[in-house]
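These are my notebook entries on one structure. I record what I looked up, element by element.

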Amino acid sequence: MFNWPVRVYYEDTDAGGVVYHSQYLNFLERARTEWLRALGIEQAWLKSDLDTLFVVHSLQAVFKKPALFDDAIEVRSRIAKTTLASITFEQFIYRQDVLLFSATVKIACVSASQFSPAAIPQQIKEKMLSVVGNE
């Protein structure tokens, strides 16, 4: 499980101080990006050197309770499944021990130059799976 802390800013909320529904997806995206960075994988390098991009293929989301302005929340992410060309994440947003939001997000690997499906580069898959194996 990879945990990424987030502070809810005013810009994330509506006039009532409740986080916009779409903002949860931004929080998930940041957590996945920081997870890659923690593995030593920079997305600019993926694109320039490996001709690889990770894009959202599909997602399923459940809103449980609202996050509010100035909340300290945490995005928790884990790999649920990998295939030749995709990774499925389970991601959760908590405020302390209270579950606010959960999502299953399928990420597809595509060629940056062709924007067509591509296999996850072996060196990347090994780094990702080494973490899963250590959980």
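**Strand pairing**

I began with the strands and found that β4 (residues 86-95) pairs with β5 in the antiparallel sense over ten bridges. Two strands count as paired if DSSP finds at least two bridges between them. Strands (E, at least two residues) and helices (H or I, at least four) are DSSP runs, numbered from the N terminus.

The model is predicted: local features need pLDDT of at least 70, side-chain atom pairs count only at pLDDT 80 or more, and totals for chains, interfaces and linings use all residues. Residues are numbered from 1 along each chain as its sequence is written, and side-chain values use heavy atoms, with hydrogens and water left out.

I next looked at the other pairing of β5 and noted eleven bridges with β2, again antiparallel. Which residue of β5 is the bridge partner of Phe 63? Phe 63 is bridged to Phe 101. I then looked up Ile 93, and its bridge partner in β5 is Phe 101.

I checked burial, where buried means under 20% relative accessible area, exposed over 50% and partly exposed in between (1.4 Å probe, protein chains only). Ten of the 14 residues of β5 are buried, so the strand is largely enclosed by the rest of the structure.

**Helix α1**

Helix α1 covers residues 23-38, 16 residues in total. I recorded a reach of 23 Å from its first C-alpha to its last, close to the 22 Å expected at 1.5 Å a residue. The expected span is 1.5 Å times one less than the number of residues.

I listed the buried residues of α1, among them Tyr 24, Phe 27, Leu 28, Ala 31, Arg 32 and Trp 35. For background, an α-helix has 3.6 residues a turn, so residues three or four places apart point the same way.

Gln 23 lies in α1, and at 10% relative accessibility Gln 23 counts as buried. Leaving aside neighbours within four places in sequence, I found Gln 23 in contact (heavy atoms within 4.5 Å) with Asp 12 and Arg 30. After the helix comes Gly 40, whose phi is positive, near 85°.

**Gln 91**

Neighbours within four places aside, the residues in contact with Gln 91 include Leu 28, Ala 31, Val 75 and Phe 101.

**Loops and positive phi**

Gln 96 takes a positive phi near 55° in the hairpin of β4 and β5, which has two residues between the strands. Asp 70, not a glycine, has a positive phi of about 75°. I placed Asp 70 in the loop between β2 (52-63) and β3 (72-82), partly exposed at 45%. Phe 115 has a positive phi near 50° and sits in the loop between β5 (98-111) and α3 (122-133).

Lys 65 lies in the loop between β2 and β3 and is partly exposed, at 45%. Not counting residues up to four places away in sequence, Lys 65 touches Tyr 24, Val 98, Leu 99 and Leu 100.
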